[in-house]
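These are my notebook entries on one protein chain. I set down what I looked up, entry by entry.

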Amino acid sequence: MARLALLSVSNKTGLIDLARSLVEEFDFDLISSGGTAQALKDAGLPVTKVADYTGSPEILGGRVKTLHPRIHGGILARRDVPQDITDLENNQIRPIDLVVVNLYPFEETVAKPGVTLSQAVEQIDIGGPALLRASSKNFAHLGVLCDPAQYDEYLQELRQNNGEASLEFRQKAALKGFSHTASYDQAIASYLAEAQHYTLNGTQLQSLRYGENPHQPATWYQTGTTPTGWTSATKLQGKELSYNNLVDLEAARRIIAEFTDTPAATIIKHTNPCGTALGSTISEAYQKAFNADSTSAFGGIVALNRPIDGATASELTKTFLECVVAPSCDAEAQEILAKKSNVRVLTLADLSSGPKDTVKAIAGGFLVQTSDDIIADTSQWQVVTERQPTPDELAELLFAWKVCKHVKSNAIVVTSDRTTLGVGAGQMNRVGSVKIALEQAQEKSIGATLASDGFFPFDDSVKTAAAAGITAIVQPGGSMRDKDSIKAANELGLLMVLTGIRHFLH
């Protein structure tokens, strides 16, 4: 008797090619439901509808299709247990040798704006997870496929093993099935629970050499069923990505996402920018960012918001870099970068989209907050000094403010000509960060702009900045002594703007 395969998929990618091979190469009979059956029929493939096979019609608008003893009996029967075989024979049930199923697109549905609860509920799959769990449980006797990416591998298994998939493959596929249903259920639970429960689930993408240090094991997980963010990036060349590479790449992505209208480049070391700049071309932006702190740029992570061209690639090869990421990379640039084969070059078309939440583990639990993705709006800023900003000064203040947002607190950033000149990061007091940023900027601080991620508790930082030549300051305000800082700015002829928004980054 021919073997039997059950196909019931929401995502029909690769379905017809798989089904045709099952029928023509390996003599499978096909049973299927709903739209899957129609797609197979339209392709000219012989298929029996589940309703015809079970003798029970689809009911409740399609909510009940495959939930039937002839289906689940055929899946769960143990071929090496005589009573199971007798039960199949007594109930006219054929053993099922392959289950191909993927689930309703719940996560994709709830991600759309304006989706109602009732619409979301209708995308909660019942029959699909039941099929996946049953067939994954009985992997010793049948195969289960829940991802189109598995289809070719399964067919190769059949071709190489006289029409049978190996036990090793079936067990691996069962694990993927259970992981898929676990992720699916957690997505539903998170949606329905809202703020009451927070679930975090991921599928192991790869083991990393180690974590922040060699004695720390580390693993990279993908969230969701569809690759997004760094899991969807293409690595054009270079060594495998490390834990620290990925952490720094994400820091670089967050900064570069602030700039969309103008070519921009940032160079990251230990999650802080050592150089960020805008330019008329991406090559110019990178050169400005590099020259901002060429010493720290050595071994850095570079993010560009424009495709890498030949001119930019030539500049990138002049120093040692760990990683470079851009939306794309042209052929000339790839040829030039290939001369530095160890540098990891990645393309990620969408550098602007990031996680909605940030999660940090603490003893006994974890903390969740929404990402700091508020868009700066200069129309809401308050000019608190007698001196008013020119349009160019306001643009420079905005640039400095955007960069400062992504520097570890206490954060101070000094800029000029849309280029960072000095960065004071992670100090225990704000005056210390001011001194570090100004010392790095040196004489370039004359006429420059200074941004602070938090308010000035005293006027000492304002006086220090003015003494170094700073002419404009942007800060959130909110201190009990704001009036002292404003008074000092007026006396020293500085421009000061309060944003009303704080950007601590811990």
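**Entry 1: Terms and source**

I began with a definition: helices (H or I, at least four residues) and strands (E, at least two) are DSSP runs, numbered from the N terminus. With this in hand, I counted 19 helices and 21 strands in the protein chain. I noted that the model is predicted, that local features need pLDDT of at least 70 and side-chain atom pairs pLDDT 80 or more, while totals for chains, interfaces and linings use all residues. Residues are numbered from 1 along each chain as its sequence is written, and side-chain values use heavy atoms, with hydrogens and water left out.

**Entry 2: The chain as a whole**

I looked up the overall dimensions. The C-alpha trace spans about 95 × 50 × 45 Å along its principal axes. The radius of gyration of the chain is 30 Å, whereas a compact globule of 506 residues would have one near 23 Å. This radius is taken over C-alpha atoms, and the globule rule is 2.2 Å times the number of residues to the power 0.38.

The accessible surface comes to about 24900 Å², and 52% of it belongs to carbon and sulfur atoms. Such areas come from the Shrake-Rupley method with a 1.4 Å probe; for residues, only the protein chains shown count as cover. Of the 506 residues, 45% count as buried. Buried means under 20% relative accessible area, exposed over 50%, and partly exposed in between (1.4 Å probe, protein chains only).

I also recorded the contacts, where contact means heavy atoms within 4.5 Å. Among contacts between residues at least 6 apart in sequence, 55% join residues at least 24 apart.

**Entry 3: Salt bridges**

How many salt bridges does a search of the whole structure find? I recorded 20. The term stands for a side-chain nitrogen of Lys or Arg within 4 Å of a carboxyl oxygen of Asp or Glu.

I examined Arg3 and Glu164, whose side chains meet in a salt bridge at 3.9 Å, N to O. This pair links distant parts of the chain, 161 residues apart: Arg3 is in strand E1 (residues 3-8), and Glu164 is in the loop between helix H9 (151-160) and helix H10 (167-193). Glu164 is partly exposed, at 47% relative accessible area.

Next I looked at helix H11 (residues 243-256), which holds both Arg254 and Glu250, four residues apart, about one turn of the helix. Their salt bridge has its closest N and O atoms 3.8 Å apart. Arg254 is partly exposed at 34%, whereas Glu250 is buried at 15%.

Lys405 and Glu258 gave me another pair, with their side chains meeting at 2.9 Å, N to O. Lys405 lies in the loop between helix H16 (391-404) and strand E17 (412-416), and Glu258 in the loop between H11 and strand E9 (264-269), so the pair ties together parts 147 residues apart in sequence. Lys405 is buried at 7% relative accessibility, and Glu258 is buried at 17%.

**Entry 4: Asp372**

Where is Asp372 placed? I found this residue in the loop between E15 and strand E16 (382-383). Asp372 is partly exposed, with a relative accessible area of 37%. Not counting residues up to four places away in sequence, Asp372 touches Lys405 and His503. The side chains of Asp372 and His503 are joined by a polar contact of 2.7 Å. A polar contact is a pair of N or O atoms within 3.5 Å; within protein, one must be able to donate a hydrogen and the other to accept it, and residues adjacent in sequence count only if both atoms are side-chain atoms.

I located Gln237 in strand E8 (residues 234-237). Is Gln237 buried or exposed? At 15% relative accessibility, Gln237 counts as buried. Its side chain reaches the backbone oxygen of Leu337 at 3.1 Å.

Ser296 is in helix H13 (residues 294-297) and is partly exposed at 25%. I recorded a polar contact of 2.7 Å between the side chains of Ser296 and Asp293. Leaving aside neighbours within four places in sequence, Ser296 is in contact with Lys269 and Cys274. Ser296 and Lys269 are 27 residues apart in sequence and 7.2 Å apart in space, C-alpha to C-alpha.
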